[in-house]
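Please find below a colleague's note on the two-chain model under review. The points are numbered and may be read in any order.

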Amino acid sequence: MTTIDASALFPGRATGDDPAQEPAAAAPGQAGPSYLTDGTTVWSWIATTDHKRIGVMYFVTTVFALAMGGAFALLLRAEHLTPTRTIVDAYTYNRLFTMHGIVMVWLFMIPSIPAAFGNFLLPMMLGAKDVAFPRLNLLSYYIYLVGSIWVLVALWMGGCDTGWTFYTPYSAHSPSAVVPTVFGIFIVGWSTILTGMNFIVTTHTMRARGLGWFRMPLFVWAMYGTSIIQVLATPVLAISLAIVGVDHALDWGLFDPARGGDPVLYQHLFWFYSHPAVYIMILPAMGVISEVVPTFCHHNISSYKAIAYSTLGIAFVGFGTWGHHMFVAGISAFDAGAFGVLSMLVAIFSAIKVFTWVFTMRAGSIVLRTPLVYFFAFLFLFVFGGMTGVAVATQSLDVHWHDTYFVVAHFHFIMVGGTLTAWLAAIHYWFPKVTGKMYSERWATLGAVLVFGGFFLTFFPQFLLGNAGMPRRYYDYDPVYQPLHVASTIGAFILGAAMLLVCIVLVVAIFTGERASANPWDSRSYEWYAPSPPPKHNFDREPAFGRGPYDYAEPFAGAAEFEASPEAKAGTS
Amino acid sequence: MNDWILWLLDLPPEASTYAAGVDCLHFVVITTTVFGAVLVFLLAVYWLVRYRQRRPLETTATSSISLRHEIALIGGLLSLFLAFWVVGATQYNHMRSPPAGAMTVYVTAKQWMWKFGYPSGRASMDILTVPVHRPVKLVMTSRDVIHSFYVPAFRMKQDVVPGRYYTAWFEATSPGQYAIECAEYCGVSHSRMGGAVQVLSDEDYARWLGGKEFDAPGARFEGSVAERGDLASAGRDVAARRGCFACHTIDGQPHIGPTWVGLFGSEVTLADGTSVVADEAYLTRSMMDPQAQIVRGYKPVMPTYFGVLEATEVASLVEFMKSIADVTPTPAITLPRVAPEPGTGSRGSLP
């Protein structure tokens, strides 16, 4: 059984740790080999319990998932170049949009930031050597991998055509491979639950001495809020999908109205998970932004507690809003009103964050680098997308928009305009820490601008399509919609090309980039006290936990000042 | 709404009584969205330029957003959002409450077509014919999977669920043909599950009632019910055939179940003390899920008729009950228990 390893706390503290296991913590700059070179065999990677290597493995896997989901998206968009058949038939089209949703939501979006960046950064931000349960962490990765492969098997068996929502009774009778698909997602769900549990325990028990809850980097708060949702909501999804699978495979009719079941109950269960799940996707993105903005503005976050409490607010109030997906599904007018007003409340928490980020810029010392360019893309797209969320939560308006392209555009503004741009910001921001290399600022900025432009051209026309009354999941459409569809398709291919450019720029940087210093952005957050890339146990010097991660009133307390005693430091500053 | 706003937002024409109000709110909310996003973005760009770094590694004084600013921003925004909610919820409740006196059309969805049954006994596929300026109540169910009845020009949408009978309503404001789309994914031909609402002027509608000359090309008709006369008289046969009269009477006598005379439109007191108006929604639910709402004074003995009654039979029964809503019950014998009052609520009038 895995126990919490006290020696995984920051080395050099009196925790009764085994000196033999310590990295060379004696002198700064003389750390052991980096986590990348500490063991170079394949086995040293696939059997690692190092949170950083597991994070990297998650990252690589999620990138493959993104590429696959993106390829499906481009096929879908290409199909819509003409009002009738362009490249695929209707059944294939239905399976494509289903698999696009499933792959993007469960294989890419949900693990993208929490499992990849969360794993890499959470222990470092807490001054810990690893997560609380390192072996469980590795198991989570393999569960995710098995689930993903299972979804691929389902794809090979023909894929699923129910939409990622698996609404019954259709999903109970669909001719496609429903059972293996839901089983794959069921498996992936276990990985999500275990990772969430691991992060919650890590945050509670592994904080370095002196690191109180309100000194943690805000990314940790975001991970904590996300983990709560993962642990509480994912089991409901698992149960719902298990019932769908049983209904389909054994014809038990658990949601079949002819046998006393209720198809609307399925929708309640599904959205009880899936609405909080959008916060699983956006909260980590907000955490990334909360790190990027203070670092590149070189200014303290304008209200730490506003960000921290609004994270918890989203995590909990988000559980009471699922009914806004069901305004026309047959819920009572009272229920609709209650879900409507709660949805307005949850939007306020996001607005608090937006104001806090923007006010952080005031009186800062702002350097416009690629991650901040992504922040600007995020800011516009997230505010626009979020406000359209308020719009679709307005009950009478939702009646017209529900299940149209307006909703598709809205959630892509949040999921792609928000989460994907924040994910790209995270990649660029922590790239020097993870790889020890710098990328080409010019090319990376070009990539960011193209991502924004391509994205906007893809999804803005879809708002208009929704207004015009074009339902989603339509294979054929009225020719009057064609110009907007063509614009959207052009945008999608620009977005695809931009993502490819970003990928090339970063891969080139890994091989030819300049060596990165420990803190190339002059940040104050704790992970930057570690060398780039960090050694296996993260730190060879103690981060200034007493200062807080957003203290830009003093110079960075790393490197040269490290050896100065606190008293000497107090005297000089 | 102004035509240029419809053009700007790429909205279809407004053809129902509540469309203009919805579009007005739509315009306000979307304008707020665009201005909000642009303002926040421009503020950030301004501060990016204003506070750009002057020398490397410079430090900045700690400063925070004041609590007063924070409360003002949150309070202002929350008020705005709540205003949206109040207007939106009011409109939504209006859109969900069919007005008294609406004519009823029974809608049955199946993969991948819409079937409409009129009280006259007439039925049509995919083309719904209604008069202009008359509220129309749709009583909708599905025979297989979930569909959604969506008429963009009316700003109206309602999911259609097997095992349930949902009501929705609209009142068309100008004659014409308006597309019906299925908005809930329902299988391989989902995108072809269309149709149209054919809104006729009063004169044209009167002529349509007499013949078929206004039926759009491609509309398919079923004669089965029509051959038996209107839905109400078909309903009497259905009730006899399905054994309804074993428990329900049509002479005002309370029996094992409540009498049907004067039932439609009346206020029914339930076992839990609450009361409900016996409209289409109540009556259809009582057939499909009889245990959900038990009338006070009666035993919960009625079996479900889900999967037993076909959608047209349900429609016929409801129309039959409507046809005897105004009959004054004349109990043959005086019972200790008072027979249900004749209908006191609103009446659905037959077209």
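1. Is helix α7(A) mostly covered or mostly open, and how many of its 33 residues are buried? α7(A) is mostly covered, with 24 of its 33 residues buried; a residue is buried if 20 or more other C-beta atoms lie within 10 Å of its own, exposed if 12 or fewer, and partly exposed in between, with C-beta atoms placed from the backbone. Helices (H or I, at least four residues) and strands (E, at least two) are DSSP runs numbered from the N terminus.

2. This is a predicted model, in which local features need pLDDT of at least 70 and side-chain atom pairs count only at pLDDT 80 or more, while totals for chains, interfaces and linings use all residues. Residues are numbered from 1 along each chain as its sequence is written, and chains are lettered from A and ligands numbered from 1 in the order in which they are written.

3. Helix α7 of chain A comprises residues 218–250 and spans 47 Å from its first C-alpha to its last, close to the 48 Å expected at 1.5 Å a residue (the expected span is 1.5 Å times one less than the number of residues). A bend of about 35° occurs at A233(A), and P235(A), a proline, follows within four residues; the bend is the angle between axes fitted to the seven residues ending at a position and the seven starting there. After α7(A) comes D251(A), with a positive phi near 55°.

4. The contact between the chains takes 76 residues from chain A and 75 residues from chain B, two residues being in contact if their C-beta atoms, placed from the backbone, lie within 7 Å. On the side of chain B that touches chain A, α2 (19–50), α3 (67–96), β6 (147–151) and β7 (156–160) of chain B each supply at least two residues. The largest share, 16 residues, comes from α3(B).

5. Chain B has eight helices and 13 strands, and 41% of its 351 residues are buried. Chain B is divided into domain 1 (3–50 + 64–96), domain 2 (103–223) and domain 3 (231–323), with bounds from an automatic or database domain assignment. The C-alpha centres of domains 1 and 2 of chain B lie 33 Å apart; nine residues of domain 1 are in contact with 12 residues of domain 2.

6. H147(B) lies in strand β6 of chain B and counts as buried because it has 32 C-beta neighbours inside 10 Å. Leaving aside residues up to four places away in sequence, H147(B) touches A109(B), S142(B), V160(B), C182(B), E184(B), C186(B) and M193(B).

7. In helix α6 (residues 231–241) of chain B, the buried residues are L231(B), A232(B), A234(B), G235(B), V238(B) and A239(B). They cover an arc of only 150° around the axis, so they are on the same side of α6(B); the arc is that of the directions from the helix axis to the C-beta atoms. The face turned away from that buried side carries the exposed residues A240(B) and R241(B).

8. Most residues other than glycine have a negative phi, and most peptide bonds are trans. The bond from T168(A) to P169(A) is cis, with omega near 0°, as is that from S532(A) to P533(A), with omega near -10°. D522(A), not a glycine, has a positive phi of about 55° and is buried, with 21 C-beta neighbours inside 10 Å. D10(B), likewise not a glycine, has a positive phi of about 60° and is partly exposed.
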